[in-house]
Every structure is written in C-alpha cells, then in structure tokens.
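Biologist: I am new to this structure and would like to learn how to read its side chains. Please show it first.

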Amino acid sequence: MASSGVRHGQTGQVQNMMMAFNRDTNDIEFDFDGKNLIKGETDGSSYPNGGLRATHTAGGYLAIDTSSPIFLRGDTIFIPSAFVSYYGAALDEKTPLLRSNAALSKHGKRLLKHLGLDIGNSEVISNIGLEQEFFLVPREEYYRRPDLQLAGRTIIGRDAPRGQEMCDHYMAPPSLASPALAAMQEMQDECWKLGIPLKTRHREVAPNQYEFAPLFGLNTTQIDQNLMVMQIIEEVAARHGLAALLQEKPFNDVNGSGKHNNWSIGTEDGVMLLHPDKINKATGNPAAFAVIMSAIIAAVNEHGDLMRMAIASPGNDFRLGACEAPPAIVSTYLGEDMTFYLSHFKDGKGEGEYIPKLKTLDLGTHEVLPFEVPAEDRNRTSPFPYGGARFEFRAVGSSQNVSMVNTVLNTIVAEKFAEFCDRIDAGEDVHDIAREHLNDNWKVIFNGNNYDEDMQQELTDRGIWRIDSGVEAIATLTSEKNIKLFQKMKVLTKEECESRQHILHDHYTGTVDIEAKCMVDMINQHIIPSVKAAGVGPLSDLEAAVGTLKAAIAEIHAADSSYKAAQLARVLRLETMIDIRAICDAAEEVVPANLWTLATYKELLFLDSHTASTPDTETFFDE
C-alpha cells in the first residue's frame, strides 16, 4: 500500500526458483509443487502496515487470487495473490477489493431477483477500463533534475515560453522524428506478450504527455494489469533514452495526468446493469434501470467523502479543479435526457422505460453522410459522469493503484443495494423506495460546468461533499459512518480502516519530506552557486529559504501523530514551498543559461524539437 508516485512498480514480489537438490544423487531437480504456487509466507512487517504487523509479530501470508490470470514474463511466472497478516488482516490493496466484489455480487443478485432476474449461482461483477496518462522526457535532462529523479515532479522550474496555450498537442500525430512513438509501440508489444491489449494510444493535452487505454475487463484483472503497464512504461522508456513520469503533476502550469476509472456492473453472462435497454429486457421490468440508478445516486451523495478519500493521492493536490480534472466536490452528471426521465419517475409521473435519445448530424455534404450521435454531450468537468452503460470516475490520479477507488465504489453501491433489498423483504414497494432515494439525494446531480467558480459555490451551498484538502479527505476513512459501512459490508474492519488512514497520512508526509529535502539540496547545490556565478538573483532570499525549509521539516518530524504531521506537511507543500518556488524561478529568469545547471522546462518538455530518433530508437515493429 501507499507506494504510488514514489517507487518503480507498485507490486510486492518474491521471486523463487522452483528447484531442490536430490539428497541421494545430489542432482538438481526442478520442483513445481502445487502447494508452493497457491500459498506462501514472508515478512509482513517491513511493508507499510499501519500497526497491523511488527518485527516481533511479522508473519505475512500470500494466497493465490483465482480471479486474476497467472502470467509469464521473461523467466518468471507471476501469480497474483492476496497478502494478509497472521490474523487475516489485509496488508494489501487486493483483499479489500475482493471482499467488496463479494458484497456487490451478493446484494446485486438480491436486487436483480427482486427486479425480475434470478441469475442463480452466477455472479454480479464489476468491470473497469483504465485510461493511463503519463509524460515522456529526455533521459539525459531527467538526470539533471534531482526532483524528478527522487520525487517524480518538478518542485521548481520557470515556465517555458511555450506550454499548451494553443491547444495544439492533444491528438497530434506522434512524431517519427522523436523516440516517443517507437517507445510506445514497444510498450504495447511488451504488454501484449502478457495478454494486456493496450487498444488506444495518443498524445494528451500537455507537451510530451501521452495516454494508453486497454480493453475493459474484470476489476481485479484490470488493476493487476495496470500495475504491470506502469512498470513496463518506465522500463521501456529507458531503453529509448527517455524517462517516463507517472506522477499526477510533474510540471507546473500545464495539465497533469490522470487515470480515468470507467466503472460498470453486470452479470457474468453479459447483462449490463447500467445499460437501460439490456437490464430492462433481462428483468422484464421497464423501471429496473431507474431503480438501479436511484441506488447509485444515493450512494454517491451519501458517501462522496469516501470517493474523495479514494483519490487523495499526494499528486492530486495540484491537479483537482485546475481545469484538467474535476474539483474536489463530488457530484454526478447524468445529462438532461436521463435527468428529465428520472425527474418524472421520482415525481410519480411515469414508470415507463428509459430510452436514450439519439440525434442526427447532417453536415450538408454529399461526401459525409448524416450520422447519429447520443443526445447527451460529454461533461469532462464532472467527477463522476454517466457515459452510457458506465460511470467514469475522472478524478483518479495517474500514479494510483486504483484498488481503493473500486473498493469504495463497489462497497457504497452494495450497501445501497442491500438497503433496498432489506426494505423490499420487509414488504415495501421497490418503486417507492427508489423514488424516496431520488428525492432525498437529487442535489448530487449536476449537469453544468464544474470548473465555474459560481457553480462550485452553488454545489457547496447544496451541501454535497466538498473536501478540498487531501489530508482531511484521508481522515474521513475512520469516521463512524464509514467504519460502520465497511464493517456492515464485511470489506474492512475498524482496525484495517485505522491502519490504512495511518499509512496514507504517512505516505503524504513522506512524499512532502522528500520534496522539501530535494528543494533544500537544489537551492544549496545548484541555484545559489548559479546565482553567485552570475552575480545576479535573489541570493539572500534563497539563503533564508533554506532555513525556512529545514525548520518546517523539523516541525513535521516532531509531530505527535501521523495526522498532525500530514497537516503540517500540507501547509509546507502548498504554501511555504510554493512561495519559495517563486524565488527559485525568479533566479532562473535572470541567470544566464550557460550558468544554470538544472534542466529547464524548455529542455524537458519538447521532444519534437529537442530530440531526434536514432537507429536504436526507430519505429518499433515486432517481427
């Protein structure tokens, strides 16, 4: 847990050679014993564990996850596994996700049966599709940035004369003159060898920013595969003279990176619960879709704090609400067409089937014939928009393991399904329950512009969840409401919630600690010497800044709790370090280029004009 944005690869791996010596002949024998494939034991105390393990109680146990395929890479067979303590407490991200899948299936099946569809021994499953964004920068310039190497983002750096002002990067053709395209082709090939189909590749909004998107699939499989995708992106980039940056906000004043989590639910045989036509036909109930949507809308409104907690990665501090990701106000977009339908349903004006409208675009040409498009436009400002058979959780950070994100989505929806079913079992009418939930939670539906500050204030005034601070969002994990939710759904115990909160706060503090120490070193070892050599620049301000940073770091280290340390770290990061960054950037502005020793944004961000493809990095094709 809590390795996002820091280390290479977010999996824990123990690689064992399957061999033994024959005691009689002393020959080597390869021992492919099944018991070694399905269970293992290791140290559980050296991982972040939030107090669940200690050096004197260190046992950690692995058990194979049968929902995620075993795969081969190089000379190693990889077996996706759950990792728990001696007492069965989850030490990993996977175990709570699997528990949430069980809760969603159990209560999803109950609700489907009430709606008219009995799926027997089959399961309700959660499918996801993950859009992975990242940056590629010249590796030789990366080595001239201690902050990128150690913290994953630039903590100082003056804007280049060009950024994304002209909106000219998005979907631009990848250039054969730089190594980026060849690197991406090899990344796709490496992933394909593991059974990971990266279906889409394209440039993103910022300079040197790119995206891969796979085919959707079962959430456990997709998450395991995404962890390998991120690892492969970093490894392959290095072979092409590039460095891959998976952090959410590696550069100031250009877009950061996300990992849009497209979430849907369905049956194992393909009945999609969020597809109005399919679920209504399968159940024989024209209002089935409306009932399911009412439960999800209620879940988002009631548990928006947990959704915000799930995306509180350190890198999202600089990304949420910055016209590149939705703000930290948790609403959902349904579109005017569906909103109109649900409004009539909740007001008792009709229980007919929802049939999404289409409209025809006629461009007035003979060459391009008229074609149909959905009646609803895209709303990229919404944290959780409906997108036709799925919801897209758009605020997820690019470096995150999205297990917690999907654990939360599954759990809050499962709890609402269970509530509906319990009331139906007690004799209440399902349509009345759905109408009540729509009326009580209608305020969370918002189809407008979430970037507009007036609209943000309107949403705040409505009383929907708004938690601007990631540190405070993490603290909601142990609220009475949320512990009760996770315990009721048998997803996390009180102790597991407390340990995760502790880990996430420590992770935030550790991230800021690394960044602040990098800033101290960069000022002392690079910026002050450059200013002195040039004879220009804010020398006294820089020297004072070092003392300010060291004092703040010491105060954090002296904090009496992980929560307090994280609160102090947030102030250091979002106030003190931003002010000091302005001083550093002012120095960069006046120091001659030949005396500035750190790689600049101009040198880092423009592969097309600053690098050229060599024979070793030509377009990659696997023969």
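Biologist: Is Arg423 buried or exposed?

Modeller: Buried means under 20% relative accessible area, exposed over 50%, and partly exposed in between (1.4 Å probe, protein chains only). Arg423 has 17% relative accessibility, so Arg423 counts as buried. This is a predicted model: local features need pLDDT of at least 70, side-chain atom pairs count only at pLDDT 80 or more, and totals for chains, interfaces and linings use all residues. Residues are numbered from 1 along each chain as its sequence is written, and side-chain values use heavy atoms, with hydrogens and water left out.

Biologist: Which residues is Arg423 in contact with, leaving aside its neighbours within four places in sequence?

Modeller: Contact means heavy atoms within 4.5 Å. For Arg423 the partners are Glu428, Ile433, Glu436 and His437. Ile433 is 10 residues from Arg423 along the chain, and their C-alpha atoms are separated by 7.9 Å.

Biologist: How many aromatic pairs are there?

Modeller: Rings of Phe, Tyr and Trp (its six-membered ring) pair if their centres lie within 6.5 Å; planes under 30 degrees apart count as stacked, over 60 as edge-to-face and the rest as tilted. The count is 14. Among them, Tyr142 and Tyr143 are tilted, with 5.8 Å centre to centre and 55 degrees between the planes. Phe384 and Phe391 are stacked, at 4.7 Å and 5 degrees. Phe384 is buried, with a relative accessible area of 1%.

Biologist: Which residues do ring pairs link into a cluster?

Modeller: The cluster holds Phe289, Tyr341, Tyr354, Phe384, Tyr386, Phe391 and Phe393.
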